[in-house]
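Thanks for making time, everyone. I'd like to walk you through one model today, so let's get the picture up on the screen.

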Amino acid sequence: MAKKKSKKNSQIDSLITLLSVLLGIVAIIMLFVPSIAVVDSDTTYKGLDVVFGLKENKALVGEVVYFEFSFMNLLTYVLVAVGVLFTILAYLGKGSKFATLIATVAFIVSAVFFFLQIAYCIPGKGIEDLVSGIGSLFGEDASVKDSLELGTGAIVGGICSALAGVASGYKLLTK
């Protein structure tokens, strides 16, 4: 009887580990999906653009820098990768509870960071000047970040990362 229970618990732990790793991988894939959108517009920016920056050459204006490199947005995806790595290490038996604790904390912190992507993005100077200039024509003090909202990638990534953290935390509490 005891062996059947431990085998059943082992299968549940394996499924929870698999779920945690899959959710973490989905959160990492959100790097390639629109993470930030412009309010009342169809314009979106992928996670890659927000993390590593986006520059375009425009015919009349020249080079326009939309976003610059953002370490904090990069840290979001790095923490998810750390969570996935330590979840796998814990499953393989390397640093069991400590690895699970690191994975849980990494997933939860990255979930919070996903929802703070607008606050952590660094708009380019040219775009910031343009938006503040247009806003001053209408008597407003406008900023680029005020005209942005979270996109699908940031929301799905945050939810997946939070669920991966909960799954990893469940394993921590049941051991």
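So, which helix of the chain has the lowest mean pLDDT among the elements, and which has the highest? The lowest is helix α6, residues 125–137, with a mean of 58, and the highest is helix α3, residues 71–92, with 93. For the record, pLDDT is the predictor's confidence in each residue, from 0 to 100. Over the chain the mean pLDDT is 83, and 84% of the residues reach 70 or more.

Some housekeeping. This is a predicted model, where local features need pLDDT of at least 70, side-chain atom pairs count only at pLDDT 80 or more, and totals for chains, interfaces and linings use all residues. Residues are numbered from 1 along each chain as its sequence is written, and side-chain values use heavy atoms, with hydrogens and water left out.

Okay, the layout. We have seven helices and six strands, and along the sequence they read α-β-β-α-β-β-α-α-α-β-α-β-α. These are DSSP runs numbered from the N terminus: helices are H or I with at least four residues, strands are E with at least two. Of the 175 residues, 37% count as buried. Buried here is under 20% relative accessible area, exposed is over 50%, and partly exposed is in between, with a 1.4 Å probe and protein chains only.

Let's do the strands. Two strands pair if DSSP finds at least two bridges between them. Strand β1, residues 34–38, has four of its five residues buried, so it is largely enclosed by the rest of the structure. β1 pairs antiparallel with β2, residues 44–46, over three bridges, and Ile36 faces Tyr45 of β2 there. In that hairpin, with five residues between the strands, Asp40 takes a positive phi near 55°. β1 also pairs antiparallel with β6, again over three bridges, with Val38 opposite Leu148.

Then there's an open antiparallel sheet of three strands, in the order β3-β4-β5. Its edges are β3 (54–58) and β5 (122–123), each pairing on one side only. Between β3 and β4 there are five bridges, antiparallel, and Glu56 sits across from Val64 of β4. β4, residues 62–68, is joined to β5 by two bridges, and Phe67 has Pro123 of β5 as its bridge partner.

Now two of the helices. α4, residues 96–114, has 19 residues and spans 27 Å from first C-alpha to last, close to the 27 Å expected at 1.5 Å a residue. That expected span is 1.5 Å times one less than the number of residues. Its buried residues include Phe107, Phe113 and Phe114. α7, residues 152–174, has 23 residues and reaches 33 Å, close to the 33 Å expected. Among the buried residues of α7 are Gly153, Gly157, Gly158, Gly165, Gly169 and also Lys171.

Is Gly151 buried or exposed? Gly151 counts as buried, because its relative accessibility is 8%. Gly151 is 36 residues from Phe115 in sequence, but their C-alphas are 9.9 Å apart in space.

Last stop, helix α1, residues 2–29, which holds Ile25. Ile25 counts as partly exposed because its relative accessibility is 37%. Ile25 also belongs to a nonpolar surface patch with Leu15, Leu18, Leu22, Ile29 and Phe32, about 580 Å² of accessible area together. Patches are made of residues with over 30% relative accessible area and no salt bridge, joining like charges within 9 Å and nonpolar side chains (Val, Leu, Ile, Met, Phe, Trp, Tyr) within 5 Å. A salt bridge is a Lys or Arg side-chain nitrogen within 4 Å of an Asp or Glu carboxyl oxygen, and accessible areas come from Shrake-Rupley with a 1.4 Å probe, where for residues only the protein chains shown count as cover.
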